[in-house]
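Subject: Structure handover

Hello,

Here is the structure I promised to pass on. Please open it alongside these notes.

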Amino acid sequence: MGPEVAQLEDELAGYVGGGECVSCSSGTDALVMVLMALEIGRGDAVLVPSFTFGATAEAIMLVGATPVFVDVRGATFDIDVADLERGVESATSAGAHPAAIIGVDLFGLPADWRSLRSFAADHGMKLIADAAQSFGASTPDGRVGTLAPVTTTSFFPAKPLGCYGDGGAIFTADLGLASILRSIRVHGQGTSKYDTVRIGVNGRLDTIQAAILLEKLKVFDAELEQRHSIARRYSAALHNQASVPEVPGGFRSSWAQYTVRVPDRDRIAAALHSLGIPTAVYYSKPVHLQGPYRRAPRSQRELSTSAALARDVLSLPIHPYLSTDDQEFVINNFLETAQ
Ligand SMILES: *Cc1c(COP(=O)(O)O)cnc(C)c1O
């Protein structure tokens, strides 16, 4: 918690456009700390998309609450607002109180926060944004970090703004919530180090990671620009052979991943691999089908879009320093393989 940590928090809050920033040890810890601060636990249900990284649902389990899996939209990979009502009903039939929704900005594209805010308000539910993959992205309503009452992010090296180890942050305009989060971050500290007023965690961000993030923040916008131009190039070249990622009007993705959908995904991935082109499948199994979650309630028996995505998504190489030659190599070989 050296001076760089406070400086980073100021700069990150400024970057997203205001409010409070509480840095922490990881994107997972950020989610756990927020659920703790909102006093969500045993007896509560939290609606969560079934097509996400497992940590989103894991945080819910860690605080003793019940995840309720809801399907996603195939074109934008975000939680399907049209399926939330069924999620609320499943929570209630399972005997849990529908307390919150965690939306996820998958692959860097902001979810439909406008609809999520209005659904949460209508149902008296808390709303949390898991923006682990989308720091730097925006919608016409503002930047990620201000689109939900509370937003978590991650600085794991593979995320758009990565440090050299683990790190995370929480954004909120609610001063009271920020102060509870700062207490939870250091074991529920009260007015002094040895005054304990609640149960917390060891959730500090290392000063050395803050120092690295301060430097990387200086080039972050230029890096996002590079990711945009690669994504535009990929989409223009590949849209006839694959279903390319859709970006709603006025939205800007941070392009944590560039993910297409192709029917013969595994064959294409293997062919590209043999040419030295690394690809990845995020995610080959939806969370509701993973062992520890099989008995968790879900909005529908078959979360069919999540299942379809698990079969046909393929993420192509994207990072700010991918050379034009390498981009062309990926495009040409993808087109040849996918014919
Ligand atoms: C990476 C990620 C997390 C967890 O972040 P860590 O910093 O690795 O703990 C949570 N949710 C999503 C959607 C992620 O991609």
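Below are notes on one helix, the aromatic rings, the backbone and the pockets.

This is a predicted model, so please note the thresholds: local features need pLDDT of at least 70, side-chain atom pairs count only at pLDDT 80 or more, and totals for chains, interfaces and linings use all residues. Residues are numbered from 1 along each chain as its sequence is written, and side-chain values use heavy atoms, with hydrogens and water left out.

**Helix α2**

Helices here are DSSP runs of H or I with at least four residues, strands are E runs of at least two, and both are numbered from the N terminus. Buried means under 20% relative accessible area, exposed over 50%, and partly exposed in between (1.4 Å probe, protein chains only). Among the buried residues are Leu31, Val32, Met33, Val34 and Leu35. Ser26 caps the N-terminal end of α2, with a side-chain oxygen 3.3 Å from the backbone nitrogen of Thr28.

**Aromatic rings**

The whole structure holds 12 aromatic pairs. Rings of Phe, Tyr and Trp (its six-membered ring) pair if their centres lie within 6.5 Å; planes under 30 degrees apart are stacked, over 60 edge-to-face, the rest tilted. Tyr15 and Phe220 form a tilted pair, 5.8 Å centre to centre, with 55° between the planes. Tyr15 sits in helix α1 (residues 3-16) and Phe220 in helix α7 (residues 207-238), so this pair ties together parts 205 residues apart in sequence. Both are buried: Tyr15 has a relative accessible area of 12%, and Phe220 is at 1%.

Phe135 and Phe155 have ring centres 6.4 Å apart and planes at 80°, so they are edge-to-face. Phe135 is in the loop between β5 (126-130) and β6 (138-139), Phe155 in the loop between β8 (150-154) and β9 (168-172). Ring pairs link Tyr15, Phe135, Phe155, Phe171 and Phe220 into a cluster.

Two charges sit over rings (NZ of Lys or CZ of Arg within 6 Å of the ring centre and within 35 degrees of the ring normal). Arg143 lies over the face of Tyr15, 4.1 Å from the ring centre. Lys159 has its charged end over the ring of Phe53, 5.7 Å from the centre.

**Backbone**

Tyr282 and Tyr283 are joined by a cis peptide bond, with omega about 5°. Glu39 is not a glycine, yet its phi is positive, about 55°. Glu39 is exposed, at 69% relative accessible area. Phe77 also has a positive phi, about 65°, but Phe77 is buried at 6%.

**Pockets**

A pocket is an open set of points on a 1 Å grid over the protein atoms alone, with protein on both sides within 12 Å along at least five of seven lines; lining residues have an atom within 4 Å of a point. The largest pocket holds about 590 Å³ of space. It is lined by 32 residues, and Gln133, Phe156, Ala158, Lys159 and Gln257 are the closest to its centre. Helix α2 gives the most to this lining, with 3 residues.

The second largest pocket holds about 160 Å³. Its lining includes Leu38, Arg117, Met125 and Asp174. Helix α5 gives the largest share, 3 residues.

Best wishes

Technical notes: Polar contact = N/O pair within 3.5 Å; in protein donor to acceptor, adjacent residues only side chain to side chain. 1 Å grid on protein atoms, 1.4 Å probe; cavity = no way out; pocket = protein on both sides within 12 Å on 5 of 7 lines; lining within 4 Å. Points joined across faces, edges and corners; volume = space filled by probe spheres on them.
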